[in-house]
Amino acid sequence: MKGNVENNAMRDLNNVPDNNGFFGEFGGQAVPEDLKKIMDEIAEAYKNICKSEDFINELQSLAKYYVGRPSPIYFAQRLTEKCGGAKIFIKREDLNHTGAHKINHSIGEALLAKYMNKTKVIAETGAGQHGVAMATACALVGLDCEIHMGEVDVIKEHPNVTKMKILGANVITVTSGTKTLKDAVDSAFVEYLKDPQNYFYAIGSVVGPHPFPMMVRDFQSVIGREAKEQFAEMNNGALPDYVVACVGGGSNAIGMFSGFMNDLGVKLIGVEPAGHGLDTDHHAATMTKGTKGEIHGFKCYVLQDEQGEPLPVHSIASGLDYPGVGPQHCLLKDIKRAEYVSATDKECLDAFITLSRTEGIIPALESSHAIAYTMKLAKTLPKEATILVNLSGRGDKDADYVAKKLNLI
Ligand SMILES: *Cc1c(COP(=O)(O)O)cnc(C)c1O
């Protein structure tokens with residue numbers, strides 16, 4: 001009976017957010033009244049559309065025939081042997097079309113925009129990964145796409161700018177402020193607010209005002225659903241002991257975690273970027289070092305100064321470089337359902353090379369954080385233990401940078 005009580009208590013966990021978009025005290029809509037009205041309309045439309053058979057069928061069909069889902073789980077035998085402890089299993093989101101998990105929510109959002117009869121999708125992008133995924137999804141469903149990107153990033157991440165343009169997106173170079181992600185968000189929002197009835201703002205992670213953390217989570221939950229079934233199939237019906245994923249905004253991690261949320265024996269671990277070290281000013285370990293605050297229209301842990309202004313953050317992986325974090329992760333930390341740890345730039349580089357050379361898989365620098373912690377954890381565990389790690393994306397985009405950094409070329 002005790003088990004039942006606990007199960008019932010935990011069942012509420014998959015029942016978040018509440019109608020106002022709160023995950024416990026986190027999330028919500030910290031936005032002006034007129035924007036709140038627009039967000040509520042999107043939430044209402046999503047509630048209906050996500051239950052419609054046409055939408056579900058189209059999304060599932062694209063996931064299978066276009067993205068190439070299900071992505072496999074792979075037993076990493078040589079990496080396991082090298083670490084000398086727990087068995088390591090890898091969920092291969094890097095094998096998706098466009099090479100990362102971001103395509104999962106990008107297609108979901110683009111399809112939702114189409115079902116809502118929107119004419120244009122607007123998004124911001126930092127390193128360009130979300131921009132490319134959105135431009136891909138818009139080309140696929142036939143919607144205009146406008147991507148706002150800071151001038152500094154446009155220069156730094158030029159291959160992604162080229163891809164977006166080939167895919168037909170209108171790339172707006174933002175020259176205000178520091179000419180990076182934060183200014184791109186501001187610029188994209190100004191454009192969005194010109195005609196929110198006809199435009200759709202596509203957020204790139206489980207962040208922003210309600211309903212975005214919920215919608216993006218739902219679109220990413222396919223990772224966890226597949227992984228649970230695949231892992232059981234490979235392991236006589238068993239569940240993994242640990243599930244590990246990297247956390248920037250938190251979308252690939254929450255997608256993976258959601259499959260195991262009610263399986264209390266499965267330990268959920270999110271890995272944040274510790275950059276040059278947690279005791280320096282150069283990291284982006286929001287869960288570990290942040291305090292409660294508001295950023296981009298929602299409440300979460302934030303790396304902020306005394307005035308509540310977001311602090312500059314650093315990670316070798318630009319996709320993890322964010323001073324806020326998804327509200328559901330904040331709740332999972334506070335109720336101790338998940339644990340949040342970190343890996344430094346150096347550990348990440350080591351994992352990048354180790355996975356490449358033991359398994360022939362070049363991981364994204366973001367995903368390398370999850371691999372780095374997995375390697376450390378595996379060594380401390382007995383051989384019967386199992387770790388399932390989400391490989392959120394492939395490392396082609398990082399290959400030159402890493403090779404130069406390590407003097408390989
Ligand atoms: C963007 C990105 C991330 C970080 O985003 P989350 O929302 O935290 O998942 C992680 N891995 C890859 C490959 C990315 O492109």
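This is a predicted model: local features need pLDDT of at least 70, side-chain atom pairs count only at pLDDT 80 or more; totals for chains, interfaces and linings use all residues.
Some ground rules come before the details. Local features need pLDDT of at least 70, side-chain atom pairs count only at pLDDT 80 or more, and totals for chains, interfaces and linings use all residues. Numbering starts from 1 along each chain as its sequence is written, and side-chain values use heavy atoms, with hydrogens and water left out.

Start with the chain. Its domain assignment gives domain 1 as 21–62 + 102–216 and domain 2 as 68–99 + 221–405. Such bounds come from an automatic or database domain assignment. The C-alpha centres of domain 1 and domain 2 are 23 Å apart.

Now look at the interface. In domain 1, 25 residues are in contact with 29 residues of domain 2; contact means heavy atoms within 4.5 Å. The size of an interface is often given as the accessible area lost when the parts come together. Between domain 1 and domain 2, the buried area is about 2100 Å² (the accessible area, with a 1.4 Å probe, that two parts lose on being put together, summed over both). Carbon and sulfur atoms give 63% of that area.

Polar links cross this interface as well. Eight residue pairs are in polar contact across domain 1 and domain 2, both residues at pLDDT 80 or more. A polar contact is a pair of N or O atoms within 3.5 Å; within protein, one must be able to donate a hydrogen and the other to accept it, and residues adjacent in sequence count only if both atoms are side-chain atoms. Two salt bridges are counted between domain 1 and domain 2 (a side-chain nitrogen of Lys or Arg within 4 Å of a carboxyl oxygen of Asp or Glu). Elsewhere in the list of pairs, the side chains of Glu25 and Lys292 form a salt bridge at 3.0 Å, N to O.

Turn to the ligand. Of the 16 residues around the ligand, Lys102, Ser205, Gly250, Ser251 and Ser392 come nearest; a residue is near if one of its heavy atoms lies within 4 Å. A polar side-chain atom of Lys102 sits 2.6 Å from a ligand oxygen atom.
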